[in-house]
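Here are my notes for your review. Please read them with the structure open.

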Amino acid sequence: MEEGGAIAFVPEALCLLGRFLFMATDREYMQRALDLAAQGRGRTSPNPMVGCVVVRDEHIVGEGFHAKVGEPHAEVHALEAAGDAHDATLYVTLEPCCFHGRTPPCTDLIIRHKPARVVVAMPDPNPRVSGKGIFQLRNAGIEVEVGLLEDEARRLNEAFCKHIVTRMPFVIAKCGMSLDGKIATRTGDSRWVTSETARHMVHELRNEVDAILVGSRTVMLDDPSLTTRLEVGQTKDPIRVILDADDYLDPRARVFHLESKAPTWVVVPDNRTVPEANETLHIPSGPGGLDMRHLMCELGARDIVSVLIEGGGTTLASAFDADLVDKILFFVAPKIVGGRDAITAVEGEGVARMADAIALERMRATPVGEDILIEAYVRRD
Ligand SMILES: NC(=O)c1ccc[n+]([C@@H]2O[C@H](COP(=O)([O-])OP(=O)(O)OC[C@H]3O[C@@H](n4cnc5c(N)ncnc54)[C@H](OP(=O)(O)O)[C@@H]3O)[C@@H](O)[C@H]2O)c1
Ligand SMILES: [Zn+2]
């Protein structure tokens, strides 16, 4: 126990120092490890994406990544490929694990291979690791450096980093809107607000997240399938979660008649069961309808690490009101819809004072086809 407390500050201190000490080649090898890690995108949940590179005499002698939950960790693949890692340097995007989970601890394996040095991009926020992996490696006489490309590593695993500490999913609010903020016309027509390129990107997002959340009106008006449709490679559908406070859903809706490995869950505030759903989630009512925080806790407890809210405006508003959104992805189309009755991206009551508006940070605009993707994080001070 004392061990954990005593070393808790070390990764941070070293990370600051490390940023100035790492060599250009260290950076390249870690970048390679990050690129490898990203190959596990959408497949490792609830585990993080991790990449590992073994370098000896300035040559990569082994590399690997965590491809799927339950399968070997990145370090196992990389060390296996290297064969002999004696005196080598191991680059790994996340602190190696030091406990028996679904697989044995990577620290034991690394220590057996006797590398001279291990470079770690970021400490593992998992309370079961949290510096203890680094401690074990150092204790075995291995030189360990922490903090190389740490920001990149954190961004890659932003969803994991939140869930492993809070048990709450990382929530992304997504919408496609006109330049004047409308997500549909006054008649509810929303096909299509954005270009095909933007919509393709949404399918890539669906391929990465664990669950997708929409309101009942979106299901009834748009009749979406909410599946992942990409031409290349193996794709996976996210679990579909639909809010239905007032028994508004039609059993004939497309989401109930799909050929999909992922289930459709309907969330209700009463003791009603929705027979056409794979499961009905009973969540109590909060101030503005279903208690969204309660729902997210339930999803987090089911190891759902990331949730993509795809609207509509009422559903997005209830997530913002409950302070559940971590990141926004708003695609802005070069068109004006107009109409005071046309639905906007975030409906609900809204705030009374500008000072109470939800503040965003790290905002970035990227052209996507003829649209612009606005990406930002909700600021929490
Ligand atoms: N462009 C885009 O990106 C985009 C994306 C999605 C949708 N849309 C458009 O948006 C429109 C629908 O948006 P909308 O705002 O009318 O509806 P919505 O958000 O799709 O659905 C609203 C309904 O969801 C349920 N709901 C949401 N939050 C809830 C909460 N906290 N507690 C309980 N129930 C909750 C309620 O169901 P009950 O009615 O059962 O009470 C509510 O009436 C459609 O026209 C669609 O085409 C556009
Ligand atoms: Zn491991």
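1. Start with the ligand. The model is predicted, and ligand 1 has 32 residues around it. Of these, G215, G289, G311, G312 and S318 come nearest.

2. Next, where the shell comes from. Five elements each supply at least two of its residues: β6 (170–178), β7 (211–215), α10 (216–222), β12 (289–290) and α12 (313–321). Helix α10 gives the largest share, five residues.

3. Check the backbone at G312. The peptide bond from G311 to G312 is cis, and its omega is near 0 degrees. G312 sits in the loop between β13 (306–309) and α12. Both G311 and G312 are among the residues that come nearest to ligand 1, and α12 itself supplies at least two residues of the shell.

4. P46 lies in the loop between α3 (24–38) and β1 (51–56). For context, most peptide bonds are trans.

5. Look at phi for K114. The value is positive, about 50 degrees, although K114 is not a glycine. Most residues other than glycine have a negative phi. K114 is placed in the loop between α5 and β4.

6. Now the nine-stranded sheet. This sheet is open, with mixed pairing and the strand order β10-β9-β8-β7-β13-β6-β14-β16-β15. Its edge strands are β10 (279–282) and β15 (360–368), each of which pairs on one side only. From one strand to the next the twist averages 20 degrees. Two of its strands, β6 and β7, also supply residues to the shell around ligand 1.

7. Strand β14 (residues 327–333) pairs with β6 in the parallel sense, over seven bridges.

8. How many bridges join β4 and β5? There are four, and the pairing of β5 with strand β4 (residues 117–120) is in the parallel sense. R117 has E143 of β5 as its bridge partner.

9. Then the helix pair. Two packed helices are described by the angle between their axes and the distance between the axes. For α5 (residues 106–113) and α6 (residues 132–139), the axes come within 10 Å and cross at roughly 20 degrees. The cut-off for roughly parallel is under 35 degrees, so α5 and α6 are roughly parallel to each other. The crossing of α5 past α6 is right-handed.

10. Last, the residues at that helix contact. From α5 come T107, I110 and I111; from α6 come G133, Q136 and L137. By class, three are nonpolar and three polar, with no charged residues.

Notes:
Residues numbered from 1 in each chain as written. Chains lettered and ligands numbered in written order. Predicted model: local features only at pLDDT ≥ 70, side-chain atom pairs only at ≥ 80, totals over all residues. Near = placed C-beta within 6 Å. Axes fitted to C-alpha atoms, helices over the stretch in contact; angles between N-to-C directions. Parallel < 35°, antiparallel > 145°, perpendicular 65-115°, else oblique. Left-handed = near helix turned anticlockwise from the far one by under 90°. Contact = placed C-beta atoms within 7 Å. Nonpolar A, V, L, I, M, F, W, Y, C, P; charged D, E, K, R; others polar. Pairing = 2+ DSSP bridges.
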